[in-house]
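The sequence and the structure come first.

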Amino acid sequence: MKTPAINQAMEILRSLRKISESNKDISTKLNEVVKMIVEQMEADAGACYLVVDDNYLEIFAAYGFKENIAHKISLRFGDGLVGDIAQNTRSLSVANAWHHPLFSYKPELGEDNYKSFVGVPLIRWGKSIGVITVQTKEEREFSRSEIDVLETIAMVLSETVSSEEMNEYKKHLIKLRGQTNKEKVKGISLSKGYGLGNAVVHRRRQSVTKIFAEDKEKEIKKLDIAYTKMNHDLDEKFNSTKLGIGEHVDILDAYRMFAKDKGWYKKIADNVQSGLTAEAAVERAYEDMWNRLSGTQDSYLKERLHDLRDVADRLLGYLSGDKEDKAKFESKDIIVVAQTMGPADLMDYDYTKIRGLIIEDGTPTMHVAIVAKALGIPVVAKIKGIYGDIKTGELLAIDGNEGYVYIRPIPSVLEKIKGKIAEREKLATKLAELKKLPSRTKDGVRINMYLNVGLAFDLDYIETTNCDGIGLYRTEIPFMASDVMPDVDRQLGYYKELMDRAGDKKVVFRSLDVGSDKLLPYWSNSGEDNPAIGWRSIRITLDRRAILRKQMRAFLRAAAGKELNVMFPMISNLSEFEDAKETLMIELEKERRRGHKTPKKVNIGLMIEVPSVVFQLDAILPKADFISVGTNDLAQFMFACDRGNPRLTERYDVLSAPFLKIMEQVCTQALNAGVFCSVCGEMAGNPIEAMALIGLGFRNLSMSGSSFGRVKSMVRSLNVEDVEDYIKNLLKSNRRTLRPQLISYAYDHGIEIY
Ligand code: PEP
Ligand code: MG
């Protein structure tokens, strides 16, 4: 290999441009590029791997390996040297690849004679989109300037492989393999997680064919047996399912009461007495109810109508003997596919075997999704036509994180999903081990780790993580899962449950943060042009003061005799904070006058989410007991970038000087004012971002339970003094993103950021 020099880099780039501008097809061009790089660098072999599916690399062009190897090798991010480069977006060079602990031998490649290895990532918007490698037979170290040359080429190549032509080529490849769009379908995610299993198509009711009864007595007896058996089975199923506590249990209880309703049974029995078969009598009873209630605007009653339909279908199943046939298909891993489903239907299956749920219709607040989530089952919904397309027994893979379903997945997808499942299991084991260990850095700095909770099942994390407390309770989530605006008593039930589960641990309640993307089913959308910067959050609750007052009352009662921490979201200036604070103080006074037991201490804080408030911290901090930075919204407003727009997700990075500087300012001012300060946005739960926050001075992080293990691992492998120095210097950089630098830093210092 020549000693690399600027001239050499220029020469390669010239050749690269020449190839890129030729009229050849993209695949030929890529092969020519790889060959040219290998020759120019006087190496023996080289390859270009590109991402075809999320976190999955495939060899697209090669030189010096076995013939026609393109598209025959694929590997996961993190798999082998190439996978490691993609995963960590950093170059890697080794004198003898065979001796590297990450080396993974791929006999089909034909690399037996090659020793030295250098690989660099192709990066776009901070994310790996491929890897380019060069290898030699001779065992040797690559110099820094050689790696620089390859990195420069990678920069230019990243543009080429992101072209429209390349995207078309990838689509063409996917089609050729039979992985048509129909077999990878997109829906919406209602519950996260990954699953693999055989489809079980959930059958809906059969239509009623026999209307008039020949023998009334026989029909009544049949109805009685079916009704009794249905209720007995429901009781048994509910009691044997580990449901814990929470709103999913309320949903199922309401359903069970419905099924046992004597008035409903009497109506059916009367219909039989009038001459109908038991089946027709059930349908008639439903139709009567539907006729009376379908015109209502009341969403609570509408939801009851859904429940009634489900219970009626269930009873019809028992009457026709259909229930006994359910889940006949034997497999230890099943994925249930339904057109729509009632919450109890899930329990017709052995829930310990359910690896996923796919619902053709469906909304985030649908009851079955809440129950599935509580049971840890991934759910993908809103996929038109899927119910008719899938047959029982077919192999399915579900990606509940991104909302994808794969029908008869190809080997690479299978491997990817299996990898994700294994990763989650490994993490769960690691989390269990980490639970006992303190959240302390290598140089002895204590990092307090809190939980973000919303759904009832999040509460389990209080025990499984051994957290320091609840840093953010998103109270809007039970509001969103409910059919009607919960009254004070209902809210008190939610909050009290949390306080009880938390025991002596600190709990921070956030006042209702609705609007924008968080819509309440019983509250019509106000149809604003820019809801994210519209009437939302504290702006709504200050304008609809009764809602805020009721919530404050429920908070005060839930924390009676204990410490209460209340935080107001989306505060834009001091007067808004004072206004909200006063509402709480008035309610506190009213509770005292009513003779109710009050909390022994009330702390009032605010979220830092709107940039304007950062410039008023000097006035606000003396009035606040604590603050918490909501980085999700703060970043949205700092970069003027809709947090929910997938086109913009990778455009701006919180790991960049402007954002890190504002975070540093908030932290320093709070520390100087002696005000408790935490971060509760997603940044706190992402290991590399949490590392940066610690480097800026934050010591209190609040995150979802699923992020706990990874962040704790990072904390325990970190040296705070070092990272503080590093970040201080890094803030001088004006790069779009500092993520690669921070990842390299973590990598070089043995900090665990997986
Ligand atoms: C945030 O904005 O960072 C935050 C924690 O609040 P939410 O994500 O609920 O808007
Ligand atoms: Mg927010």
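A residue counts as buried when its relative accessible area is under 20%. The model discussed here is predicted. Glutamate 591 has a relative accessible area of 1%, so this residue is buried. Glutamate 591 is located in helix 19, which covers residues 574–593. Apart from neighbours within four places in sequence, the residues in contact with glutamate 591 are Arg553, Leu556, Arg557, His596 and Thr598.

**Helix 24 and its surroundings**

The buried residues are Pro687, Ile688, Glu689, Ala690, Met691, Ala692, Leu693, Ile694, Gly695 and Leu696. What do these buried residues of helix 24 pack against? Their partners are helix 23, strand 21 (676–679), strand 22 (700–703), helix 25 (708–716), helix 26 (720–730) and helix 27 (739–748). Just after helix 24 comes glycine 697, with a positive phi of about 120°.

**Helix 23 against helix 24**

Two packed helices are described by the angle between their axes and by the distance between the axes. For helix 23 (residues 657–673) and helix 24 (residues 687–696), the axes come within 9 Å and cross at roughly 45°. Helix 23 and helix 24 are therefore oblique to each other. The crossing of helix 23 past helix 24 is right-handed. On the side of helix 23, the contact is made by Leu660, Met663, Glu664 and Cys667, and on the side of helix 24 by Ala692, Leu693 and Leu696. Of the residues in this contact, six are nonpolar, none is polar and one is charged.

Strand 5 spans residues 116–124, and seven of its nine residues are buried, so strand 5 is largely enclosed by the rest of the structure. The table lists the pairings of strand 5.

| Paired strands | Sense | Bridges |
|---|---|---|
| Strand 4 (residues 92–94) and strand 5 | antiparallel | three bridges |
| Strand 5 and strand 6 (residues 127–136) | antiparallel | nine bridges |

Particular residue pairs can be picked out in the model. Valine 94 has phenylalanine 117 in strand 5 as its bridge partner. Which residue of strand 6 stands opposite valine 120? Isoleucine 132 in strand 6 takes that place.

Technical notes:
Residues numbered from 1 in each chain as written. Chains lettered and ligands numbered in written order. Predicted model: local features only at pLDDT ≥ 70, side-chain atom pairs only at ≥ 80, totals over all residues. Heavy atoms only, no water. Axes fitted to C-alpha atoms, helices over the stretch in contact; angles between N-to-C directions. Helix = DSSP H or I, 4+ residues; strand = E, 2+ residues; numbered from the N terminus. Parallel < 35°, antiparallel > 145°, perpendicular 65-115°, else oblique. Left-handed = near helix turned anticlockwise from the far one by under 90°. Contact = heavy atoms within 4.5 Å. Nonpolar A, V, L, I, M, F, W, Y, C, P; charged D, E, K, R; others polar. Buried < 20%, exposed > 50% of the residue type's maximum accessible area, 1.4 Å probe, protein only. Pairing = 2+ DSSP bridges.
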